[in-house]
Amino acid sequence: MYNITLIPGDGIGPEVISSAKKIIEATGLKVNWDIVNAGINVYKKKGVLIPNKVFESIEKNKIALKGPITTPIGSGFRSINVMLRKKYDLFSNVRIVKTIPGVNSPFKNVNLIIFRENTEGLYSGIEKKISDNSAEAIKIITKNASLKIAKTAFNYAKKNNKNKITVVHKANIMKLTDGLFLDCVRKISKEYPDIKLQEIIVDNMCMQLVMNPSQFEIIVTTNLYGDILSDLCAGLVGGLGLVPGANIGNNMAIFEAVHGSAPDIAGKNIANPTAIILSGAMMLNYIGETKKSNLILDGVSKTISEGKYITRDLGGSSSTTEMTEAIIENMLTI
Ligand code: NAI
Ligand code: MG
């Protein structure tokens with residue numbers, strides 16, 4: 001029996017989290033879900049964005065599946081997500097971007113994984129108004145965090161027999177900050193002589209990705225570039241509804257989709273549940289339930305390639321719940 005924290009979140013969060021929960025249960029995994037609420041609805045009712053119960057649950061279970069959260073302006077938080085990542089030193093943000101056959105997209109063989117440093121960079125949130133006409137933000141890069149994310153990416157490459165890692169930076173301009181990040185990645189790469197390190201400047205990387213994404217396998221980068229590249233990469237495989245993610249530290253992990261709370265489609269039962277379902281599959285992999293994780297991947301792939309029960313963003317007309325039921329059906333017959 002696994003104890004897992006479940007945070008439904010805001011907007012489409014509760015709809016897609018409910019799908020992921022059903023799918024995980026359909027694998028036969030025995031889970032004791034600790035359902036705790038955080039986000040804008042809690043804030044409206046109780047005046048706090050994250051009640052203590054949420055922290056306690058995450059700290060006890062060390063593993064969480066989380067829906068997207070809208071951080072209201074004026075709540076004193078810049079972003080709940082950024083705060084959780086920093087508080088628990090969930091230093092690697094891992095996003096899997098993979099072509100799912102049947103999805104209408106110009107590329108057929110995208111299979112890459114992004115390791116984004118998750119605790120510093122321009123996300124440090126140190127911003128200052130200088131005058132009515134100017135403001136500044138401070139970008140923090142440390143050796144410690146840079147070495148950790150580099151090590152995580154190289155370890156992953158080694159474990160999965162990959163022979164190339166691409167580091168994305170702008171050290172030609174930001175010589176001290178991105179320069180330090182790049183130096184750290186180079187340092188770690190020396191410990192892995194069988195893995196080639198490719199260095200690319202972020203603007204060139206954007207062009208390379210939209211022209212020929214299959215040339216990349218593993219990307220390691222700083223916080224902001226990783227955020228931007230993740231959405232770009234989601235676009236290469238059919239959109240935000242398909243890309244899962246995880247925030248992983250040394251002994252704790254929070255799994256969540258790349259997308260946000262999508263207020264434009266919330267409450268209509270039309271959101272694509274795939275991204276959060278696949279985040280759930282990443283979670284099962286993380287706890288060692290590889291077979292059950294693969295069952296989810298197969299169920300999702302089969303449902304999407306059949307194309308009968310898919311949501312609008314994928315060109316179909318099914319609801320979130322219909323697509324979820326179809327995935328379960330497929331999982332049970334695989
Ligand atoms: P968003 O990802 O919520 O939406 C961008 C576009 O993609 C929208 O048109 C939306 O309808 C579509 N989309 C997103 N997920 C989809 C899905 N599963 N199925 C179908 N279409 C989908 O990004 P946006 O609008 O910039 O942010 C909305 C809110 O979400 C903001 O308050 C933001 O702060 C928050 N957010 C939270 C995140 C988190 O909790 N990890 C991550 C990103 C944003
Ligand atoms: Mg983002």
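**Close-up views of a predicted model**

**View 1. Leu209 in helix α7.** Leu209 is buried, with 24 other C-beta atoms within 10 Å. The model shown here, as in every view below, is predicted. Leu209 belongs to helix α7. Setting aside neighbours within four places in sequence, Leu209 contacts Leu232, Cys233 and Leu236. Thr119 lies 90 residues from Leu209 along the chain. The C-alpha atoms of Leu209 and Thr119 are separated by 25 Å.

**View 2. Helices α7 and α8 side by side.** Helix α7 covers residues 202-211, and helix α8 covers residues 223-236. Their axes come within 11 Å. The crossing angle is roughly 10°. Angles under 35 degrees count as roughly parallel, and α7 and α8 are therefore roughly parallel to each other. From α7, the contact takes Val202, Met205, Cys206 and Leu209. These meet Tyr225, Leu229, Leu232, Cys233 and Leu236 in α8. What is the make-up of the contact of α7 with α8, nonpolar, polar or charged? The residues divide into nine nonpolar, no polar and no charged.

View 3. The domain assignment gives domain 1 as 1-86 + 246-334 and domain 2 as 106-236. Taken over C-alpha atoms, the centres of domain 1 and domain 2 are 25 Å apart. Six residues from domain 1 and seven residues from domain 2 make the contact. Which helix gives the largest share of the side of domain 1 that touches domain 2? Helix α4 (residues 80-87) does, with three residues. By type, that side of domain 1 has two nonpolar, one polar and three charged residues.

**View 4. The shell around ligand 1.** Ligand 1 is surrounded by 21 residues. The closest are Pro68, Gly241, His259, Gly260 and Asn272. How does the shell around ligand 1 divide into nonpolar, polar and charged residues? There are 10 nonpolar, eight polar and three charged.

View 5. Ala262 is found in the loop between β12 (253-257) and α9 (274-286). Asn269 lies in the loop between β12 and α9 too. Ala262 is not a glycine, yet has a positive phi of about 40°. Asn269 is not a glycine either, and its phi is positive at about 60°. Are these residues buried or exposed? Ala262 has 22 other C-beta atoms within 10 Å. A residue is buried at 20 or more, so Ala262 is buried. Asn269 has 14 C-beta neighbours inside 10 Å.

**View 6. Ala253 in strand β12.** Ala253 has its place in strand β12. Ala253 is buried, with 22 other C-beta atoms within 10 Å. Which residues does Ala253 touch, not counting residues up to four places away in sequence? They are Ile63, Leu90, Ala246, Asn247, Ile248 and Tyr286. One of these, Tyr286, is 33 residues from Ala253 in sequence. In space, Ala253 and Tyr286 are 8.7 Å apart, C-alpha to C-alpha.

**View 7. Asn104 in the loop between β4 and β5.** Asn104 is found in the loop between β4 (92-98) and β5 (111-117). Is Asn104 buried or exposed? Asn104 has 9 other C-beta atoms within 10 Å. Exposed means 12 or fewer, so Asn104 is exposed. Leaving aside neighbours within four places in sequence, Asn104 is in contact with Gly238 and Gly315. Ile277 lies 173 residues from Asn104 along the chain. The C-alpha atoms of Asn104 and Ile277 are separated by 20 Å.

**View 8. Lys46 in helix α2.** Lys46 lies in helix α2, which covers residues 40-46. Lys46 is exposed, with 10 other C-beta atoms within 10 Å. How many residues separate Lys46 and Lys139 in sequence? They are 93 residues apart in sequence. From C-alpha to C-alpha, Lys46 and Lys139 are 34 Å apart in space.

Terms used
Residues are numbered from 1 along each chain as its sequence is written. Chains are lettered from A and ligands numbered from 1 in the order in which they are written. This is a predicted model: local features need pLDDT of at least 70, side-chain atom pairs count only at pLDDT 80 or more; totals for chains, interfaces and linings use all residues. A residue is near a molecule or strand if its C-beta atom, placed from the backbone, lies within 6 Å of it. Ala, Val, Leu, Ile, Met, Phe, Trp, Tyr, Cys and Pro count as nonpolar, Asp, Glu, Lys and Arg as charged, and the others, Gly among them, as polar. Domain bounds come from an automatic or database domain assignment. Two residues are in contact if their C-beta atoms, placed from the backbone, lie within 7 Å. Helices (H or I, at least four residues) and strands (E, at least two) are DSSP runs, numbered from the N terminus. Axes are lines fitted to C-alpha atoms, for helices over the stretch in contact, and angles run from 0 to 180 degrees between N-to-C directions. Angles under 35 degrees count as roughly parallel, over 145 as roughly antiparallel, 65 to 115 as roughly perpendicular and the rest as oblique.
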